[in-house]
Amino acid sequence: MREVKYAEAVRAALEAEMAADESVVVMGEEVAALGGVFTVTQGLAERFGEDRVLDSPIAEAGVVGFAIGAAAEGMRPVVEIMFSDFVLLALDQIINLGAKIRYMSNGQFSVPLTIRMPGGGGTNHGPQHSQSLESLFAHVPGLVVAMPSNVSDAYWMLRHAIRSDDPVIFLESKNLYFRTSGDIDARTGPDGFGARVARAGDDLTVVSAGRMVERCELAAAELAAEGVACEVIDLRYLWPLDTASIEASLRRTGKLAVVSEAVEFCGWGGEVAAWAGEHCFESLDGPVVRVGSERVPIPYGHALEDEIVPTAERIAGELRKLAIY
(Lines give C-alpha, C1' and ligand atoms only; values in the text may rest on other atoms or scores of the structure.)
Protein backbone atom coordinates (compact mmCIF):
# COMPACT_ATOMS: atom_id res chain seq x y z
CA MET A 1 0.00 0.00 0.00
CA ARG A 2 1.01 3.63 -0.40
CA GLU A 3 2.58 5.51 2.48
CA VAL A 4 -0.10 6.78 4.83
CA LYS A 5 -0.32 8.68 8.09
CA TYR A 6 -1.22 6.95 11.36
CA ALA A 7 -4.73 8.43 11.30
CA GLU A 8 -5.23 7.31 7.70
CA ALA A 9 -4.14 3.78 8.63
CA VAL A 10 -6.85 3.65 11.30
CA ARG A 11 -9.42 4.87 8.76
CA ALA A 12 -8.24 2.30 6.20
CA ALA A 13 -8.69 -0.49 8.75
CA LEU A 14 -12.23 0.66 9.50
CA GLU A 15 -13.01 0.83 5.78
CA ALA A 16 -11.63 -2.65 5.17
CA GLU A 17 -13.61 -4.28 7.98
CA MET A 18 -16.82 -2.42 7.17
CA ALA A 19 -16.53 -3.50 3.55
CA ALA A 20 -15.88 -7.11 4.54
CA ASP A 21 -18.59 -7.45 7.20
CA GLU A 22 -21.95 -5.68 7.29
CA SER A 23 -22.22 -6.27 11.03
CA VAL A 24 -19.39 -3.76 11.63
CA VAL A 25 -20.78 -0.36 12.58
CA VAL A 26 -19.06 2.81 13.79
CA MET A 27 -20.58 5.07 16.41
CA GLY A 28 -19.56 7.98 18.58
CA GLU A 29 -19.69 11.73 18.96
CA GLU A 30 -19.38 13.51 15.57
CA VAL A 31 -18.04 10.46 13.75
CA ALA A 32 -20.45 10.85 10.83
CA ALA A 33 -21.11 14.46 9.85
CA LEU A 34 -17.78 15.82 11.07
CA GLY A 35 -15.73 12.69 10.37
CA GLY A 36 -14.34 12.62 13.89
CA VAL A 37 -12.58 15.38 15.79
CA PHE A 38 -9.26 14.05 14.41
CA THR A 39 -10.81 13.25 10.96
CA VAL A 40 -10.23 9.51 11.43
CA THR A 41 -13.77 8.56 10.34
CA GLN A 42 -13.92 11.11 7.53
CA GLY A 43 -15.81 9.79 4.49
CA LEU A 44 -17.14 6.64 6.16
CA ALA A 45 -20.73 7.89 6.39
CA GLU A 46 -20.73 8.84 2.71
CA ARG A 47 -19.47 5.39 1.72
CA PHE A 48 -21.40 3.15 4.12
CA GLY A 49 -24.43 5.24 5.04
CA GLU A 50 -25.68 6.79 8.25
CA ASP A 51 -27.22 3.52 9.42
CA ARG A 52 -23.68 2.13 9.82
CA VAL A 53 -21.89 5.32 10.89
CA LEU A 54 -23.90 6.79 13.73
CA ASP A 55 -23.44 10.13 15.46
CA SER A 56 -24.23 9.79 19.15
CA PRO A 57 -25.29 12.29 21.79
CA ILE A 58 -22.65 13.61 24.19
CA ALA A 59 -23.23 10.61 26.43
CA GLU A 60 -20.32 8.19 26.61
CA ALA A 61 -22.08 5.80 28.98
CA GLY A 62 -25.10 5.72 26.69
CA VAL A 63 -23.25 4.99 23.46
CA VAL A 64 -21.03 2.35 25.07
CA GLY A 65 -24.03 0.68 26.71
CA PHE A 66 -25.88 0.70 23.39
CA ALA A 67 -22.84 -0.80 21.65
CA ILE A 68 -22.46 -3.55 24.26
CA GLY A 69 -26.06 -4.57 23.68
CA ALA A 70 -25.57 -4.52 19.91
CA ALA A 71 -22.42 -6.62 20.24
CA ALA A 72 -24.15 -9.20 22.43
CA GLU A 73 -26.81 -9.52 19.73
CA GLY A 74 -24.38 -10.20 16.89
CA MET A 75 -23.14 -6.82 15.69
CA ARG A 76 -19.47 -5.74 15.73
CA PRO A 77 -19.61 -2.11 16.84
CA VAL A 78 -16.62 0.20 16.92
CA VAL A 79 -17.10 3.07 19.36
CA GLU A 80 -14.96 6.18 19.11
CA ILE A 81 -14.42 8.05 22.36
CA MET A 82 -13.40 11.57 21.30
CA PHE A 83 -10.59 11.76 23.90
CA SER A 84 -9.59 8.82 26.07
CA ASP A 85 -10.16 11.03 29.13
CA PHE A 86 -13.91 11.01 28.36
CA VAL A 87 -14.13 7.22 28.68
CA LEU A 88 -14.22 7.68 32.45
CA LEU A 89 -17.92 8.47 32.04
CA ALA A 90 -18.47 4.98 30.62
CA LEU A 91 -16.44 2.87 33.05
CA ASP A 92 -19.45 1.21 34.65
CA GLN A 93 -20.67 -0.02 31.26
CA ILE A 94 -17.20 -1.20 30.22
CA ILE A 95 -16.01 -2.80 33.45
CA ASN A 96 -19.22 -4.10 35.05
CA LEU A 97 -21.03 -5.05 31.85
CA GLY A 98 -18.93 -5.42 28.68
CA ALA A 99 -15.97 -7.10 30.33
CA LYS A 100 -18.14 -9.54 32.34
CA ILE A 101 -20.89 -10.77 30.00
CA ARG A 102 -19.03 -13.75 28.54
CA TYR A 103 -18.00 -14.94 32.02
CA MET A 104 -21.40 -14.35 33.64
CA SER A 105 -23.29 -16.05 30.81
CA ASN A 106 -20.95 -19.06 30.82
CA GLY A 107 -20.02 -18.32 27.23
CA GLN A 108 -23.56 -17.98 25.91
CA PHE A 109 -22.87 -14.36 24.94
CA SER A 110 -19.76 -12.62 23.71
CA VAL A 111 -19.06 -8.93 23.26
CA PRO A 112 -17.17 -8.28 20.00
CA LEU A 113 -16.80 -4.58 20.76
CA THR A 114 -13.90 -2.27 19.94
CA ILE A 115 -13.57 1.00 21.83
CA ARG A 116 -11.17 3.33 20.01
CA MET A 117 -9.81 6.34 21.82
CA PRO A 118 -7.00 8.84 21.19
CA GLY A 119 -4.91 9.16 24.31
CA GLY A 120 -1.72 10.56 25.76
CA GLY A 121 0.04 13.86 25.40
CA GLY A 122 2.06 15.61 22.75
CA THR A 123 -0.73 17.75 21.31
CA ASN A 124 -0.94 20.49 23.95
CA HIS A 125 -4.49 19.60 25.05
CA GLY A 126 -3.87 19.98 28.78
CA PRO A 127 -4.83 18.07 31.93
CA GLN A 128 -8.31 16.82 30.95
CA HIS A 129 -7.49 15.74 27.40
CA SER A 130 -3.97 14.26 27.63
CA GLN A 131 -4.09 11.42 30.16
CA SER A 132 -2.70 7.95 29.58
CA LEU A 133 -5.23 5.61 31.20
CA GLU A 134 -4.06 2.28 29.82
CA SER A 135 -3.01 0.91 33.23
CA LEU A 136 -6.61 1.17 34.40
CA PHE A 137 -7.90 -1.06 31.61
CA ALA A 138 -5.01 -3.54 31.83
CA HIS A 139 -6.19 -4.21 35.39
CA VAL A 140 -9.69 -5.34 34.33
CA PRO A 141 -10.35 -9.05 33.57
CA GLY A 142 -12.19 -9.55 30.28
CA LEU A 143 -10.61 -6.70 28.34
CA VAL A 144 -7.95 -6.82 25.65
CA VAL A 145 -5.77 -3.68 25.72
CA ALA A 146 -4.07 -2.67 22.47
CA MET A 147 -1.57 0.17 21.94
CA PRO A 148 -0.23 0.39 18.37
CA SER A 149 2.97 2.41 18.07
CA ASN A 150 3.24 2.70 14.29
CA VAL A 151 1.25 2.94 11.08
CA SER A 152 1.27 -0.73 10.09
CA ASP A 153 0.29 -1.93 13.55
CA ALA A 154 -2.45 0.71 13.80
CA TYR A 155 -3.97 -0.82 10.66
CA TRP A 156 -3.56 -4.51 11.40
CA MET A 157 -4.20 -4.41 15.12
CA LEU A 158 -7.47 -2.55 14.58
CA ARG A 159 -8.58 -5.16 12.06
CA HIS A 160 -7.72 -7.88 14.58
CA ALA A 161 -9.60 -5.96 17.29
CA ILE A 162 -12.78 -5.69 15.23
CA ARG A 163 -12.68 -9.43 14.53
CA SER A 164 -12.11 -10.29 18.19
CA ASP A 165 -15.01 -11.83 20.10
CA ASP A 166 -13.92 -10.05 23.28
CA PRO A 167 -14.07 -6.31 24.02
CA VAL A 168 -10.90 -4.50 22.97
CA ILE A 169 -9.71 -1.18 24.37
CA PHE A 170 -7.83 0.30 21.42
CA LEU A 171 -5.62 3.20 22.47
CA GLU A 172 -4.33 5.41 19.67
CA SER A 173 -1.74 8.14 20.17
CA LYS A 174 -3.19 11.42 18.92
CA ASN A 175 0.37 12.72 18.80
CA LEU A 176 1.12 10.14 16.10
CA TYR A 177 -2.05 10.73 14.03
CA PHE A 178 -0.55 13.16 11.54
CA ARG A 179 3.12 13.28 12.56
CA THR A 180 3.90 9.64 11.79
CA SER A 181 3.78 8.08 8.32
CA GLY A 182 4.61 4.63 7.02
CA ASP A 183 3.75 1.79 4.70
CA ILE A 184 1.17 -0.92 5.27
CA ASP A 185 1.91 -4.31 3.76
CA ALA A 186 -1.58 -5.48 2.79
CA ARG A 187 -0.43 -9.10 2.79
CA THR A 188 0.74 -9.34 6.41
CA GLY A 189 -0.12 -8.25 9.92
CA PRO A 190 0.87 -8.76 13.57
CA ASP A 191 1.15 -12.41 14.51
CA GLY A 192 -1.59 -12.77 17.07
CA PHE A 193 -0.97 -10.87 20.29
CA GLY A 194 2.83 -11.03 20.22
CA ALA A 195 5.24 -8.22 20.91
CA ARG A 196 7.75 -7.14 18.27
CA VAL A 197 11.43 -6.29 18.44
CA ALA A 198 11.57 -2.68 17.27
CA ARG A 199 15.36 -2.58 17.56
CA ALA A 200 17.73 -5.47 18.22
CA GLY A 201 20.51 -5.32 20.81
CA ASP A 202 22.41 -7.45 23.32
CA ASP A 203 23.34 -5.08 26.16
CA LEU A 204 20.00 -4.20 27.76
CA THR A 205 16.28 -4.66 27.15
CA VAL A 206 13.86 -1.73 26.90
CA VAL A 207 10.15 -2.60 27.05
CA SER A 208 7.59 -0.02 25.97
CA ALA A 209 4.29 0.52 24.15
CA GLY A 210 2.46 3.23 22.22
CA ARG A 211 4.21 6.44 21.27
CA MET A 212 6.98 5.91 23.82
CA VAL A 213 8.40 3.20 21.54
CA GLU A 214 9.59 5.89 19.15
CA ARG A 215 11.29 7.77 21.99
CA CYS A 216 12.92 4.56 23.18
CA GLU A 217 14.29 3.98 19.69
CA LEU A 218 15.73 7.50 19.65
CA ALA A 219 17.33 6.90 23.04
CA ALA A 220 18.69 3.56 21.86
CA ALA A 221 20.23 5.20 18.80
CA GLU A 222 21.97 7.70 21.10
CA LEU A 223 23.41 4.92 23.23
CA ALA A 224 24.43 2.92 20.16
CA ALA A 225 26.79 5.76 19.28
CA GLU A 226 28.39 5.18 22.71
CA GLY A 227 28.77 1.44 22.13
CA VAL A 228 25.69 0.27 24.06
CA ALA A 229 23.26 -1.92 22.10
CA CYS A 230 19.71 -1.63 23.45
CA GLU A 231 16.98 -4.05 22.42
CA VAL A 232 13.66 -2.19 22.20
CA ILE A 233 10.57 -4.37 22.58
CA ASP A 234 7.22 -2.94 21.51
CA LEU A 235 4.61 -4.84 23.53
CA ARG A 236 1.74 -3.90 21.19
CA TYR A 237 -0.71 -5.26 23.78
CA LEU A 238 -0.69 -4.68 27.52
CA TRP A 239 -3.10 -7.60 27.74
CA PRO A 240 -2.46 -10.31 26.77
CA LEU A 241 1.08 -9.50 27.95
CA ASP A 242 3.76 -11.24 25.88
CA THR A 243 6.05 -12.26 28.72
CA ALA A 244 7.82 -14.82 26.53
CA SER A 245 9.34 -12.09 24.39
CA ILE A 246 10.46 -10.18 27.48
CA GLU A 247 12.04 -13.28 28.97
CA ALA A 248 13.83 -14.24 25.76
CA SER A 249 15.39 -10.80 25.50
CA LEU A 250 16.34 -10.64 29.19
CA ARG A 251 18.13 -13.97 29.05
CA ARG A 252 20.51 -12.37 26.52
CA THR A 253 20.86 -8.85 27.91
CA GLY A 254 20.51 -9.27 31.69
CA LYS A 255 19.17 -5.74 32.18
CA LEU A 256 15.66 -4.32 31.90
CA ALA A 257 14.12 -0.88 31.62
CA VAL A 258 10.37 -0.32 31.25
CA VAL A 259 9.21 2.94 29.67
CA SER A 260 5.59 4.10 29.78
CA GLU A 261 3.66 7.27 29.02
CA ALA A 262 1.28 6.29 31.80
CA VAL A 263 1.98 7.59 35.29
CA GLU A 264 4.84 5.54 36.71
CA PHE A 265 3.31 5.07 40.18
CA CYS A 266 1.00 2.02 40.12
CA GLY A 267 1.36 1.90 36.32
CA TRP A 268 1.59 -1.09 34.01
CA GLY A 269 5.37 -0.75 33.94
CA GLY A 270 5.41 -1.89 37.55
CA GLU A 271 3.70 -5.14 36.50
CA VAL A 272 6.36 -5.84 33.88
CA ALA A 273 9.08 -5.05 36.41
CA ALA A 274 7.50 -7.31 39.05
CA TRP A 275 7.04 -10.15 36.58
CA ALA A 276 10.67 -9.93 35.52
CA GLY A 277 11.84 -9.85 39.13
CA GLU A 278 9.77 -12.92 39.96
CA HIS A 279 10.38 -15.03 36.87
CA CYS A 280 13.72 -13.84 35.48
CA PHE A 281 15.61 -13.01 38.67
CA GLU A 282 18.59 -15.18 37.81
CA SER A 283 18.95 -13.44 34.44
CA LEU A 284 19.06 -9.93 35.91
CA ASP A 285 22.44 -8.23 36.27
CA GLY A 286 21.06 -4.97 37.64
CA PRO A 287 17.96 -3.31 39.09
CA VAL A 288 14.88 -3.07 36.91
CA VAL A 289 14.47 0.57 35.87
CA ARG A 290 11.07 2.20 35.37
CA VAL A 291 10.65 5.42 33.40
CA GLY A 292 7.13 6.84 33.38
CA SER A 293 5.22 10.07 33.70
CA GLU A 294 5.28 11.99 36.95
CA ARG A 295 2.23 11.73 39.19
CA VAL A 296 0.89 15.17 38.32
CA PRO A 297 -1.69 16.39 35.76
CA ILE A 298 -0.39 16.92 32.24
CA PRO A 299 0.21 20.69 31.86
CA TYR A 300 -0.37 22.90 28.84
CA GLY A 301 2.74 23.75 26.86
CA HIS A 302 5.28 21.37 25.38
CA ALA A 303 8.13 22.59 27.59
CA LEU A 304 6.13 21.92 30.74
CA GLU A 305 4.85 18.58 29.45
CA ASP A 306 8.44 17.48 28.80
CA GLU A 307 9.05 17.87 32.52
CA ILE A 308 6.30 15.30 33.20
CA VAL A 309 6.25 12.81 30.30
CA PRO A 310 9.42 10.81 29.49
CA THR A 311 11.48 12.40 26.74
CA ALA A 312 14.09 10.64 24.62
CA GLU A 313 16.77 12.52 26.55
CA ARG A 314 15.45 11.40 29.93
CA ILE A 315 15.08 7.81 28.74
CA ALA A 316 18.64 7.83 27.36
CA GLY A 317 19.94 9.11 30.70
CA GLU A 318 18.29 6.28 32.62
CA LEU A 319 19.46 3.67 30.12
CA ARG A 320 23.01 5.03 30.34
CA LYS A 321 23.01 4.61 34.12
CA LEU A 322 21.64 1.08 33.82
CA ALA A 323 24.22 0.14 31.19
CA ILE A 324 27.16 0.94 33.47
CA TYR A 325 25.65 -0.62 36.60
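This is a predicted model: local features need pLDDT of at least 70, side-chain atom pairs count only at pLDDT 80 or more; totals for chains, interfaces and linings use all residues.
Colleague: What distance does helix α1 reach from its first C-alpha to its last?

Modeller: Helix α1 has 15 residues, and the expectation rests on 1.5 Å a residue. The reach in the model is close to that expected value of 21 Å. From first C-alpha to last, helix α1 reaches 21 Å.

Colleague: Is E46, a member of the negative surface patch, buried or exposed?

Modeller: The negative patch is formed by E30, E46, E50, D51 and D55. Within this group, E46 is found in helix α2, residues 44-48. Its relative accessible area is 62%. Since exposed means over 50%, E46 is exposed.

Colleague: Which two residues are joined by a cis peptide bond?

Modeller: The bond has an omega of about -5 degrees. The cis peptide bond joins W239 and P240.

Colleague: What is the phi of T39?

Modeller: T39 is placed in the loop between β2 (24-28) and α2. With a relative accessible area of 25%, T39 is partly exposed. T39 is not a glycine, although its phi is positive, at about 65 degrees.

Colleague: Where does N124, another residue with a positive phi, lie?

Modeller: N124 is a residue other than glycine, and its phi is near 60 degrees. At 34% relative accessibility, N124 counts as partly exposed, because this class holds values between the buried limit of 20% and the exposed limit of 50%. N124 lies in the loop between β5 (114-119) and α6 (134-138).

Colleague: How far apart in space are L97 and S84?

Modeller: L97 belongs to helix α4, residues 91-98, and counts as partly exposed at 34% relative accessibility. In sequence, L97 and S84 are 13 residues apart. In space, from C-alpha to C-alpha, the separation of L97 and S84 is 19 Å.

Methods:
Residues are numbered from 1 along each chain as its sequence is written. Side-chain values use heavy atoms; hydrogens and water are left out. Helices (H or I, at least four residues) and strands (E, at least two) are DSSP runs, numbered from the N terminus. The expected span of a helix is 1.5 Å times one less than its number of residues. Patches are made of residues with over 30% relative accessible area and no salt bridge: like charges are joined within 9 Å, nonpolar side chains (Val, Leu, Ile, Met, Phe, Trp, Tyr) within 5 Å. Accessible areas come from the Shrake-Rupley method with a 1.4 Å probe; for residues, only the protein chains shown count as cover. A salt bridge is a side-chain nitrogen of Lys or Arg within 4 Å of a carboxyl oxygen of Asp or Glu. Lys and Arg count as positive and Asp and Glu as negative; His and the chain ends are not counted. The place of a charge is taken as NZ of Lys, CZ of Arg, CG of Asp or CD of Glu. Buried means under 20% relative accessible area, exposed over 50%, partly exposed in between (1.4 Å probe, protein chains only).
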